[in-house]
Amino acid sequence: MTICNIMVSVDLGAAAADRIQLAAGIAERFEAKLTGVAARQVVTMIPVESPDASERIFAIEEQRAREDLAEARALFEREAGTRVKTAWRSALAEPLSYLIEQARAADLVVLGRRGPGDGDPGLMDVPVGALLMEVGRPILVAPPGIERLAASRIVVAWKDTREARRAVHDALPFLTRADRVHVAVVGAGAGQEGAADVAAYLSGHGVHVSTHLLHQPETGAADELRRFARREEADLIVMGAYGHSRLREWILGGATRDMLQGTSLCCLMSH
């Protein structure tokens with residue numbers, strides 16, 4: 001299994017350059033095309049005294065949006081470099097909806113982490129949780145400051161659910177190239193989650209895999225997974241993303257939310 005087209009969400013936040021470099025490195029490894037994607041809505045909710053004034057303000061805001069998209073494209077082209085084949089897609093549109101639409105052509109989407117202290121990415125921001133729940137593609141969530149992903153040691157956060165099974169399948173291009181993969185199960189019922197079957201499945205694909213049952217975690221599930229990953233010197237966590245829709249908004253599961261906001265490692269997630 002391989003990856004042919006990687007899409008990276010581009011905004012004008014402080015972490016965007018590192019994210020593009022990380023995505024470019026993955027694209028080079030898989031000999032894949034890297035597509036930068038950005039969208040910016042035109043701000044229109046501005047009180048005006050006349051239709052003429054409204055038109056003038058709209059024209060000004062549209063020009064600002066186009067300038068932001070041009071700046072994002074220049075950033076993408078500069079940070080992606082010349083070692084991989086690249087493409088660019090952008091529009092005056094709502095960023096989340098536009099990226100979901102474009103992702104039909106992607107094998108993998110790279111997005112930035114959105115933790116409480118990660119800074120404001122601006123008007124081209126794509127909310128990670130909503131994208132995960134709706135896009136139907138694996139998402140690589142990249143924390144700020146990470147510009148390279150070796151993925152030589154990977155932790156699979158296993159739970160016997162549809163989401164986790166999907167994540168393991170989606171991550172096979174990374175798992176089959178890793179030096180070591182650790183299937184970790186957290187919780188009192190860890191022995192009943194079928195970790196041995198997952199290990200056998202991965203072994204059949206040529207993966208060097210071991211299983212770890214963390215029956216009595218010292219902290220919450222997300223913290224325990226991060227602690228285990230650091231102990232094993234892993235730089236990628238693979239896991240299912242859990243959540244449900246309520247009044248057109250996605251309510252994320254606790255471990256999913258904690259991982260999205262607090263992980264210092266890249267996470268490959270599927271829903």
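**Notes on side-chain contacts**

1. Glu-224 is buried, because its relative accessible area is 3%, where buried means under 20% relative accessible area, exposed over 50% and partly exposed in between, using a 1.4 Å probe and protein chains only. Its salt-bridge partner is Arg-227, with the closest N and O atoms 2.6 Å apart; a salt bridge here is a side-chain nitrogen of Lys or Arg within 4 Å of a carboxyl oxygen of Asp or Glu. Arg-227 counts as partly exposed, at 27% relative accessibility. Both residues lie in helix H8 (residues 221–231), three residues apart, about one turn of the helix; helices (H or I, at least four residues) and strands (E, at least two) are DSSP runs numbered from the N terminus.

2. The model is predicted, so local features need pLDDT of at least 70 and side-chain atom pairs count only at pLDDT 80 or more, whereas totals for chains, interfaces and linings use all residues. Residues are numbered from 1 along each chain as its sequence is written, and side-chain values use heavy atoms, with hydrogens and water left out.

3. A search of the whole structure finds 15 salt bridges. One of them joins Arg-114 to Asp-11, with 3.0 Å between the closest N and O atoms. Arg-114 lies in the loop between strand S4 (108–112) and helix H4 (128–134) and Asp-11 in the loop between strand S1 (5–9) and H1, so the pair ties together parts that are 103 residues apart in sequence. Asp-11 is buried at 1% relative accessibility, while Arg-114 is partly exposed at 21%. A network of salt bridges links Asp-11, Arg-19, Arg-114 and Asp-125.

4. Two aromatic pairs are counted under the rule that rings of Phe, Tyr and Trp (its six-membered ring) pair if their centres lie within 6.5 Å, with planes under 30 degrees apart counted as stacked, over 60 as edge-to-face and the rest as tilted. The ring centres of Phe-30 and Phe-174 are 5.3 Å apart and their planes stand at 75°, so this pair is edge-to-face. Because Phe-30 lies in helix H1 (residues 16–30) and Phe-174 in helix H6 (residues 172–175), the pair ties together parts that are 144 residues apart in sequence. Both Phe-30 and Phe-174 are buried.

5. Phe-76 and Trp-88 form a tilted aromatic pair, 5.6 Å centre to centre with 35° between the planes. Phe-76 lies in helix H2 (residues 51–80) and Trp-88 in strand S3 (residues 86–91), so this pair ties together parts that are 12 residues apart in sequence.
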